[in-house]
Amino acid sequence: MVKINRTTLRTIEILELIASSERELTLSDIAKALDMPKTSAFDILETLVFANMLYTKENGIKTYQIGVKAYAIGSNYSKTSLLLNASEPIIKELAAQTRLTILIAKETSGEIVFTLKQEPEKKIIATPNIGDRLLIHTTSIGKSILAFSHKQERLLEQIDFAAQTDMSITSKADLMREVEKIKAQGYAVSNRENESYTFSIGAPIFDHRGYVTAAIGTLGLYEASYDPSQHIKLVKAAANRISSLQGYKG
């Protein structure tokens, strides 16, 4: 009979709990949910932080979030997942059509995390890597998710409106006006809102329940003469194709 290591099982349970939670969890939350001593939970959590499987946030109270290494490991599985397996040929086609970097990201703990990326043949700028996190309200992908999310109010409460650039949205009222616009047109843009030199287009991806599960977007250099209209059509079409492959009927 195989001997089961209890600490290993506890470690997996902690990772699963944090990954599935819709809110940020403290040490007390985790210990209570898993019915384990705080000292034992703390030792495992801090080891996972040291190994970059988790990272911590401190806004008056310390909470634990899934880390970059966990996303990197998970990305190997995600290549065969329904969403990303369906997306891969579509983003390759979109990168060739637009000659821009194409990214897919999901929301987690009020931020977006990149899960798939396709560079064009001639890469012009440095772009986020799989597992990287960005603010939800300064990116076209993030705003696309925010506009259609069933937990929009909760996400809005988590936003720190500190400006990233002179073009960043810095108030909830302005963001809500942007959200209504995005819902009406079915896509979002980020015009130098996250970096002062980039322009991006994003559109939401839905699952069979009609929930927004991710978003797809372009990322390229800002140019004053750039007309995004054709790329907007292509991004929306790509998002619709991926959504359809996930069983979305809307």
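View 1. Helix α3 (residues 38-50) has 13 residues and spans 18 Å from its first C-alpha to its last, close to the 18 Å expected at 1.5 Å a residue. That expected span is 1.5 Å times one less than the number of residues in the helix. Helices (H or I, at least four residues) and strands (E, at least two) are DSSP runs, numbered from the N terminus. The model shown here is predicted, so local features need pLDDT of at least 70 and side-chain atom pairs count only at pLDDT 80 or more, while totals for chains, interfaces and linings use all residues. Residues are numbered from 1 along each chain as its sequence is written, and side-chain values use heavy atoms, with hydrogens and water left out.

Which residues of α3 are buried? They are A41, I44, L45 and L48. Seen down the axis of α3, these buried residues fall within an arc of 100°, so they line one face of the helix; the arc is that of the directions from the helix axis to the C-beta atoms. As a reminder, an α-helix has 3.6 residues a turn, so residues three or four places apart point the same way. On the other side of α3, the exposed residues are T39, D43, T47 and F50. Here buried means under 20% relative accessible area, exposed over 50%, and partly exposed in between (1.4 Å probe, protein chains only). The packing partners of the buried residues of α3 are α1 (6-20), α2 (27-34), β1 (54-58) and β2 (62-66). Just after α3, N52 adopts a positive phi of about 65°.

**View 2. E111 and its polar partners.** E111 is part of strand β4 (residues 111-118), and it counts as buried at 18% relative accessibility. Its side chain makes polar contacts with the side chain of Y55 at 3.1 Å and with that of R133 at 2.9 Å. A polar contact is a pair of N or O atoms within 3.5 Å; within protein, one must be able to donate a hydrogen and the other to accept it, and residues adjacent in sequence count only if both atoms are side-chain atoms. Not counting residues up to four places away in sequence, E111 touches Y55, K106, R133 and L134, where contact means heavy atoms within 4.5 Å.

View 3. Rings of Phe, Tyr and Trp (its six-membered ring) pair if their centres lie within 6.5 Å; planes under 30 degrees apart count as stacked, over 60 as edge-to-face and the rest as tilted. By this rule there are three aromatic pairs. One of them joins F148 and F206 edge-to-face, with 5.6 Å centre to centre and 90° between the planes. This pair links distant parts of the chain, with F148 in helix α6 (residues 140-148) and F206 in strand β7 (residues 198-206), 58 residues apart. F148 is partly exposed at 25% relative accessibility, whereas F206 is buried with a relative accessible area of 12%. The ring centres of F206 and Y248 are 4.9 Å apart and their planes at 25°, so this pair is stacked. F206 lies in strand β7 and Y248 in the segment after α9 (229-245), so the pair ties together parts that are 42 residues apart in sequence. Y248 counts as partly exposed, at 25% relative accessibility.

View 4. M167 sits in the loop between α7 (152-158) and α8 (172-185), and at 40% relative accessibility it is partly exposed. Leaving aside neighbours within four places in sequence, M167 is in contact with N191, R192 and E193.

View 5. R99 lies in the loop between α5 (82-98) and β3 (101-108), and its phi is near 60°, a positive value in a residue other than glycine. S109, in the loop between β3 and β4, has a positive phi of about 55° although it is not a glycine. Buried or exposed: which is R99? R99 is exposed, at 68% relative accessibility. S109, by contrast, is buried, with a relative accessible area of 18%.
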